[in-house]
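Here is a short tour of one protein chain. Have the structure open beside you as you read.

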Amino acid sequence: MAGKSGKGKGGKKIESSGRVQYTMRIVESSTCAVCKQQCARGLRYLERMSQPGTLGKGVPCILTRRKLT
């Protein structure tokens, strides 16, 4: 069969607006507690999560920031 499967060929090019975009990992308070380079955002989150009954979904870690390509 000589059909076109459409996998991995070509692809649409996304035009860049000239602005660099970044991505960061979401970390939980247990990760912030053992981090060697504790940042202000992580310390605030760690303090907030130490309160009883608090629910959290994590905080973006600036130390894991990477450029999107």
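Let's begin with glycine 56, which is partly exposed because its relative accessible area is 44%, between the 20% limit for buried and the 50% limit for exposed. Please keep in mind that this is a predicted model. Glycine 56 sits in the loop between H2 and S3.

Which residues does glycine 56 touch, leaving aside its neighbours within four places in sequence? Its contacts are Tyr45 and Met49. Glycine 56 and tyrosine 45 are 11 residues apart in sequence, while their C-alpha atoms are 8.7 Å apart in space.

## The two sides of helix H2

Tyr45 and Met49 bring us to helix H2, which spans residues 40-49 and in which both of them are buried, along with Gly42. Looking down the axis of H2, you will find the buried residues within an arc of 65 degrees, so they line one face of the helix.

What lies over these buried residues? The cover includes strand S2 (26-27), helix H1 (29-34) and strand S3 (59-60).

## A nonpolar patch

Now for the surface: Met24, Ile62 and Leu63 make a nonpolar patch of about 240 Å². Of these residues, leucine 63 belongs to the loop between S3 and strand S4 (66-67). Is leucine 63 buried, exposed or partly exposed? Leucine 63 counts as partly exposed because its relative accessibility is 43%.

Conventions: Residues numbered from 1 in each chain as written. Predicted model: local features only at pLDDT ≥ 70, side-chain atom pairs only at ≥ 80, totals over all residues. Heavy atoms only, no water. Buried < 20%, exposed > 50% of the residue type's maximum accessible area, 1.4 Å probe, protein only. Helix = DSSP H or I, 4+ residues; strand = E, 2+ residues; numbered from the N terminus. Arc of directions from axis to C-beta. Contact = heavy atoms within 4.5 Å. Patch = residues over 30% accessible without salt bridge, like charges linked within 9 Å, V, L, I, M, F, W, Y side chains within 5 Å. Areas by Shrake-Rupley, 256 points an atom, 1.4 Å probe, with all protein chains shown as cover. Salt bridge = Lys/Arg side-chain N within 4 Å of Asp/Glu carboxyl O.
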